[in-house]
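This report describes the fold of one protein and then turns to a few of its residues. Please keep the sequence and the model at hand while reading.

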Amino acid sequence: MLTKYSQYHLLFFAALLVAALLNLLVGSVQIPVKDVLAILTNQFAGKESWSYIVLEYRLPKLIVAFFVGISLSIAGMMMQTLFQNYMAEPYILGVSSGASLGVAICILGASLLPVGLQSLVTNQSAVIASALIGSTLVMLIVLTISQRLKQSATLLIAGLMFSSFTSAFVSVLAYLSTAEELQKFTFWNLGSLGNVPYNQIVIIVPVLMIGLTIAFIMNKPLNSLLLGENYAKTVGVNIKKVKFLIIFSTCILVAVCTAFVGPIAFVGLAVPHITRMVYKTTNHFVLFVGNLLIGALILILCDIICQIPGDQLMLPINAVTSILGAPLVIYLLLKRQ
């Protein structure tokens, strides 16, 4: 007989499959279900344009939404447990701010370069590289600091200071930039799941899997940390090593997601809360699977909302996640007083 948690897992897995199929169906071009299934099984003999839309645009976007939803949700779960603060989120360490700073330097600082070099630093590859460099530098700084600080709360403050510093720097660059550069940077900040081709997905997925594997290994230490660091020490947890691995895993997940799709708001903050409310447990082995399923499900559903079926307009993913996530966070704040 299935346990209560297994029943929830199966329910969300089934919902995830339905949402994934629906995600492939919606868009400005209406493609029937049977044709989408035929395209996926390589048995389609209809319009070539339909095959291109499904295989080259919608399917990569679905894969990206799946892995980004998983990664941000798992990272959020780890941060909330590590800092013993349910309002913590994956971006709290400042890694996302580092990526934003890298992109700001690339896009907003382009006008300071000679005309011949401006086109080289503002293409998509340069933007992704700048985001990865910025997030990696902040990650290395945060990891170094985490080995010197004894209190997790102090690291939290350091992350907030990084975010404040990078925001101030971005503001200076924005003040000196042109309207066209500002618009491009704003579009990047709004996030996009649909601009990631297969040659980038084959890089993203293995790196995210490394971060997720480390996160899974941390489930047992995270269960111990629920009762405080002193208790974790008494049961043999190496606090310094565990903190390093948790932060390292979170930084990998956040850096890659932010670099390739931009900063996606509220998923890493709201999904761990939803998972705890549904499963009614603090066991991280259960919550890990729950966050994996619910995180992917919610981001895919948000992407479906972005499509507005039958219309040429497409909403930015950050707007939808914020509209759905902000009321939930406010509700949790009021509930916990």
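Among contacts in the protein between residues at least 6 apart in sequence, what percentage join residues at least 24 apart? The share is 76%, where contact means heavy atoms within 4.5 Å.

## Basis of the report

This is a predicted model, in which local features need pLDDT of at least 70 and side-chain atom pairs count only at pLDDT 80 or more, while totals for chains, interfaces and linings use all residues. Residues are numbered from 1 along each chain as its sequence is written, and side-chain values use heavy atoms, with hydrogens and water left out.

## Overall fold

The protein has 15 helices and zero strands; helices (H or I, at least four residues) and strands (E, at least two) are DSSP runs, numbered from the N terminus. Along the principal axes, the C-alpha atoms fill a box of roughly 65 × 65 × 35 Å.

Of the 337 residues, 50% are buried, where buried means under 20% relative accessible area, exposed over 50%, and partly exposed in between (1.4 Å probe, protein chains only).

## The nonpolar core

The largest nonpolar core has 98 residues, and those with the most contacts inside it are Phe83, Leu93, Ile246 and Ile264. Helix H3 (residues 48-82) gives the largest share of this core, 16 residues. Such a core is a set of buried Ala, Val, Leu, Ile, Met, Phe, Trp, Tyr and Cys residues joined through side-chain atoms within 4.5 Å.

With its neighbours within four places in sequence left aside, leucine 93 is in contact with residues including Met79, Phe83, Val138, Phe162 and Cys251.

## A buried serine

Serine 135 is found in helix H6 (residues 124-148) and counts as buried because its relative accessible area is 0%. Apart from neighbours within four places in sequence, serine 135 is in contact with Val95, Gly98, Ala99 and Ala255.

## Two loop residues with positive phi

Asparagine 42 lies in the loop between helix H2 (33-40) and H3, and has a positive phi of about 60° although it is not a glycine. Asparagine 42 is exposed, with a relative accessible area of 71%.

Lysine 280, in the loop between helix H13 (267-279) and helix H14 (284-307), is another residue other than glycine with a positive phi, near 50°. The relative accessible area of lysine 280 is 64%, so this residue is exposed.
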